[in-house]
Amino acid sequence: MAAVAIRGVGLSCALGRDVAACAAALLAGGKPPARVALPGLAEPVQVAYYRIDDGSGLFDPGRFARLLPGVVQDAVADLSASELSTLPLFIGSSCFSIGQSETGYAGALARAASDTYPMPHCGYDWLAGLVRQAIGGGGESFTYNTACTSSANALLGACRALRAGRHRHALVLGAELANLTTLSGFSGLQLLADQVRPFEAGREGLVLGEGIAAVLLSVEGAAGAMRLHDGASNCDTFSVTTADPEGMRVAEVLRQALAQAQLKPEAIQGIKAHGTGTPTGDLAEASGLRKVFGTLPPFSVLKPYIGHTLGACGVIELVMYAGALAQGRLPARLSPVAADPQLGVQPLGVSRSAPPGYYLLNQFGFGGNNAVLVLEKPA
Amino acid sequence: MIRITAVGHVFNQLQDGASLPSLDAGLGQVCRERFRRVDRFIELALLGSGRCAEGRTLDADCGLYLGSGLGPMSGVIATQQQLIRDRELPKPFNFINTLGNSAGYYVAKNLGLHGQNLFISRRGASLQALLAAALTDLQAGVVRQALVGVVEEATLPLAEHRRRQGLPEDMAVAEGSHWLLLEEHATAGHRLEREHVTHHETTASRPAAFHDSIAAAQLMERLLKGEAAVLADGDPVRGWELFHFRP
């Protein structure tokens with residue numbers, strides 16, 4: 001089946017607001033994360049965090065309404081009002097309106113209001129409502145919540161709907177903004193580190209980040225447009241939180257993605273690894289990659305530059321990686337990398353040219369969810 | 001040709017002042033093991049999917065399409081109470097259970113599945129969104145079997161549960177877990193095509209969980225009786241078509 005074209009993109013992340021500028025910053029080595037204090041806890045907790053520099057308080061519940069519209073409008077800029085009115089929405093997130101709920105509950109507790117109850121605001125569909133307002137339209141919506149693969153699965157869903165002839169265009173959104181539940185939940189799981197060092201010896205964990213990205217997929221694209229060739233998604237029931245160190249299901253989903261795109265491993269020019277920097281997550285990914293590739297293509301990690309944006313990372317990292325490919329370069333770790341001999345693989349250490357061809361983008365998450373996307377950079 | 005080859009569900013109308021009905025006996029019948037540290041949303045998903053799959057072995061690559069209007073509310077509520085009221089870090093298992101796809105993980109583990117495992121929501125019409133996604137994948141050959149389920153959990157006290165959803169104070173409240181097994185190339189069962197799943201967006205005033213669960217429960221009851229008809233949802237005001245199927 002035909003691939004679908006990436007016709008428009010929008011982005012806001014720790015590296016900035018403009019896709020080309022963010023990709024350039026990524027290729028130049030990025031910047032370190034900020035330190036963030038989690039308010040309201042009896043015992044003080046601070047975490048490293050890649051935040052969007054928008055001048056507002058990190059937990060300000062109005063940030064989604066301020067940041068999301070511009071990102072979405074950038075992606076759909078060349079669609080007509082008629083096309084926007086029926087544009088299907090595929091949304092992936094792991095936070096949704098939880099920040100609004102936190103604020104509402106905390107406010108009610110502070111006021112000692114008689115009707116105080118947790119989760120006064122709920123609903124996965126809240127983001128779809130913001131998108132509809134932003135574009136003045138929107139057709140049917142599909143909101144995905146599969147942890148860190150949420151927006152990658154949304155991309156797969158949109159790609160398949162287009163390939164099946166259901167629509168001519170589809171908007172895919174990945175959205176994750178700071179909230180107390182996520183930051184404190186990961187802190188409680190003891191998965192956070194001060195620095196993210198994927199696939200390195202002595203790596204200690206992940207650093208979270210926030211971002212919003214939107215992609216407009218279309219059945220037709222301009223010459224030179226990047227194209228998405230679907231991919232694959234599966235579930236590893238090894239553990240709800242820990243990846244199988246043997247990487248069996250990682251290898252399986254990589255093979256499924258290649259088979260679906262009718263590609264052999266040798267056709268892959270580069271890989272955007274998930275690369276969270278957790279000891280077990282990177283081990284599982286490395287094991288899976290080694291099982292599929294005799295000679296591993298150069299692979300890049302993006303989380304040292306923008307953090308782990310959780311449910312949004314599928315779309316955000318697609319936009320970032322495609323942005324780097326469009327500038328003709330593969331992202332590389334520019335700081336010295338201490339190889340982990342147990343993994344047997346190492347991310348690209350020196351940026352190199354990105355030739356036309358096929359690229360894989362890996363996303364893995366809690367609940368054993370694995371998703372791999374196949375991207376084509378045209379000649 | 002895609003057909004509905006099995007159905008299974010749980011549906012409990014709830015009463016103010018009463019506790020939630022125990023699911024233990026049912027879970028004992030359909031679960032391979034006793035899962036620890038799971039919440040009611042996960043238990044409802046396990047029980048409904050287990051009843052749908054009872055007596056058959058699903059393909060390991062069967063796709064799982066789980067959805068909900070509200071999601072795992074008891075886990076989210078517990079997490080917010082720990083974090084905001086008690087000013088403590090959330091308990092790890094409460095936090096993990098707040099993920100929509102945690103329930104999908106346990107269903108997959110219980111039924112021996114390792115195929116695509118999705119959680120998709122659409123306010124007041126999650127079942128439609130799930131069916132649309134599953135049928136697209138079945139028709140494209142991405143999956144050959146699709147286990148599709150919508151789960152809505154109620155939390156106590158019911159007065160809070162109603163306020164959370166904007167429901168009238170006297171509205172009946174239910175919890176449910178409603179599942180269909182769709183198979184490509186099946187020769188028996190109700191025929192279902194992508195075109196049968198109509199698209200309706202709901203307004204903010206419509207109570208999502210109530211709509212999802214009542215509509216899905218009505219669908220299940222008809223399917224279990226072997227009836228084939230255009231199905232209207234359970235909305236007491238507007239009553240529009242959810243989807244229809246042909247025998």
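The largest nonpolar core has 196 residues, and the members that touch the most others are Leu155(A), Leu171(A), Val172(A), Val215(A), Leu217(A), Val319(A) and Tyr65(B). A nonpolar core here is a set of buried Ala, Val, Leu, Ile, Met, Phe, Trp, Tyr and Cys residues joined through C-beta atoms within 7 Å. "Buried" means that 20 or more other C-beta atoms lie within 10 Å of the residue's own, with C-beta atoms placed from the backbone. Helix 11 of chain A gives the most to this core, 10 residues.

A word on the source: this is a predicted model, where local features need pLDDT of at least 70, side-chain atom pairs count only at pLDDT 80 or more, and totals for chains, interfaces and linings use all residues. Residues are numbered from 1 along each chain as its sequence is written, while chains are lettered from A and ligands numbered from 1 in the order in which they are written.

Now pick out Tyr65(B). Leaving aside residues up to four places away in sequence, Tyr65(B) touches Leu118(B), Ile120(B), Leu130(B), Ala133(B), Ala134(B), Ala146(B), Leu147(B) and Val148(B). Touching, or being in contact, means that two C-beta atoms, placed from the backbone, lie within 7 Å.

Ile120(B) turns up again where the chains meet: in strand 3 of chain B, it is the bridge partner of Tyr144(A). Strand 5 (residues 141–144) of chain A and strand 3 of chain B run antiparallel, joined by 2 bridges; strands pair if DSSP finds at least two bridges between them. Helices (H or I, at least four residues) and strands (E, at least two) are DSSP runs, numbered from the N terminus.

Across the whole interface, 50 residues of chain B are in contact with 51 residues of chain A. Helix 3 of chain B brings the largest share of chain B's side, 9 residues. Here is that side sorted by class:

| Class | Residues on chain B's side |
|---|---|
| Nonpolar (Ala, Val, Leu, Ile, Met, Phe, Trp, Tyr, Cys, Pro) | 23 residues |
| Polar (the others, Gly among them) | 16 residues |

Chain B itself has 8 helices and 8 strands, and 56% of its 247 residues are buried.

Over in chain A, look at helix 1 (residues 19–28), where Val19(A), Cys22(A), Ala23(A) and Leu26(A) are buried. They sit on the same side of the helix because they cover an arc of only 100° around the axis, taken from the directions from the helix axis to the C-beta atoms. The buried residues of helix 1 pack against strand 1 (4–13), helix 10 (303–306) and helix 11 (313–326) of chain A.

Definitions and conventions
A residue is buried if 20 or more other C-beta atoms lie within 10 Å of its own, exposed if 12 or fewer, and partly exposed in between; C-beta atoms are placed from the backbone.
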